[in-house]
Amino acid sequence: MTFKTSFARQLADGAGIVDLMSDLGEALNVNPDLLFLGGGNPARIDAVEAILASHLHAIAEDADAIHQMLGVYQSPLGSERLRAALAAYFQSLGWPVTEANIALTNGSQSAFFMLFNLFADGVDQRQILLPWVPEYLGYQDQVLHPGVFRTMRPVIRCEGDNRFEYGCDFDALELSGVTAMCVSSPANPSGKVLSTEEYQRLGALADAAGIPLILDAAYGAPFPGIVFSGTRPAWQTNRIFVLSLSKLGLPGARTGVVVADEAVIEALGSVNTVMSLASGNLGPTLLLSLLQAGTLDILCEQHVLPFYASRRRFALDCLARHLEGIPHRVHRADGAFFLWLWLPELSVPSRVLYERLKARNVLVMDGAHFFFDQAESWSHAQQCLRLTYCAEPQVFERAIEILAQELHAISD
Ligand SMILES: Cc1ncc(COP(=O)(O)O)c(C=O)c1O
């Protein structure tokens, strides 16, 4: 069937995120023997699953709680009890919020869909600025009109022989026509965490222009808190923080949390109700239970963060061992669970390397997807791969061995 609408063109026509999720589904559900360093699924952490299971059991044994979870539609902004508990939790971190600043959504992906389309439609410019790419590819096809994203190339700072970091090219930053800025921190794909200075400068520019700064904290603080170094900013007015339960270990619960000024929250509640009628209850019920028991921070600080810190150390060491002699740089991995590998002398496009690896049962992410409209015109955009280090260490190591073999074969 051929659909002729702009909606279909934008959303139904093989968006990059759909390929990514198909690869992920194939690896996790159909062909588990793949060496999977692709998608953004969080790792399986036994201690986290055990804590979540115990909370679920307690809920399941309480007739009223199970009725509230399974038998009742949520209000447009999400469970009042959870929003009040979240407000108290955020206040304890010094954030100036009440429940009127909080909305719950079906995953943070759908929160971005609503936010982007609330703020920008490409008419009279009305664009979303991504102050640097590479940036989360899941934003790309979320807007109902073409030309909504304005992207900038970052400055590249090399460190030592094998490290580098992207930074904002503040001199080139131009906000006319821009109606919101959006940054993921920790960033998917690069693992970059905004420095305090970068965060403050972007915020000051947003305030001066009267536009919001959207901070995608899907991996960030306070939960899941996969931040090894760098800023853990506090919410303030004119910021929109988008949090998620997914990377805590609950991607199946599809729960996003938006913290924003009241007018934004009200608009979100309205759009969410039109689109979904109501958000699901599973994630919110679990989150409320974790907050009431004081377990949320324990999960993040004692289980999630140390787990990824250890995997990250292993992954960096593994790359250093296997890629010795191959020109490469890894982005500072300050947060999230990816290594972003730059191969400055790669003689084929990263897409070809991705295909060669796939043919050998290794699935990575071709970096080109994350460069939005800069992918074709910038050679750097054809030289990067994203490697998830959620896989078991032996799986990661075997995949990197094969990557090294392919890189040697390509350069021979
Ligand atoms: C940076 C970033 N933002 C948002 C999302 C969406 O996550 P979810 O809809 O599961 O909350 C993801 C998922 O991988 C992500 O990596």
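Q: Before we start, what are the ground rules here?
A: It's a predicted model, where local features need pLDDT of at least 70 and side-chain atom pairs count only at pLDDT 80 or more, while totals for chains, interfaces and linings use all residues. Residues are numbered from 1 along each chain as its sequence is written, and side-chain values use heavy atoms, with hydrogens and water left out.

Q: OK, in what order do the strands of the open sheet come?
A: The order is β2-β10-β9-β8-β7-β3-β4, seven strands with mixed pairing. Strands here are DSSP runs of E, at least two residues, and helices are runs of H or I, at least four residues, numbered from the N terminus. Two strands pair if DSSP finds at least two bridges between them.

Q: And which strands stand at the edges?
A: β2 (102-105) and β4 (149-151) do; each has a single partner strand, so one side of each is left without a neighbour in the sheet.

Q: How do β7 and β8 run, parallel or antiparallel?
A: Parallel, with four bridges joining β7 (residues 178-184) to β8 (residues 213-216). Valine 183 stands opposite leucine 215 in β8.

Q: Switching topic: is β15 buried or exposed?
A: Five of the five residues of β15 (residues 384-388) are buried, so the strand is largely enclosed by the rest of the structure. Buried means under 20% relative accessible area, exposed over 50%, and partly exposed in between (1.4 Å probe, protein chains only). Cys384, Arg386 and Thr388 are on one side, with Leu385 and Leu387 on the other.

Q: Why two sides?
A: In a regular strand the side chains alternate between the two faces of the sheet.

Q: Which strand pairs with β15 over five bridges?
A: That's β12 (residues 338-342), in the antiparallel sense. Leucine 339 has leucine 387 in β15 as its bridge partner.

Q: Now salt bridges: how many are in the whole structure?
A: A search finds 15. A salt bridge is a side-chain nitrogen of Lys or Arg within 4 Å of a carboxyl oxygen of Asp or Glu.

Q: What does glutamate 165 meet in a salt bridge?
A: Lysine 192, at 3.5 Å, N to O. Glutamate 165 lies in β6 (residues 163-167) and lysine 192 in the loop between β7 and α7 (196-209), so the pair ties together parts 27 residues apart in sequence. Glutamate 165 counts as buried at 12% relative accessibility, and lysine 192 counts as buried at 2%.

Q: Which residues are linked in a network of salt bridges?
A: Arg157, Glu165, Lys192 and Glu198.
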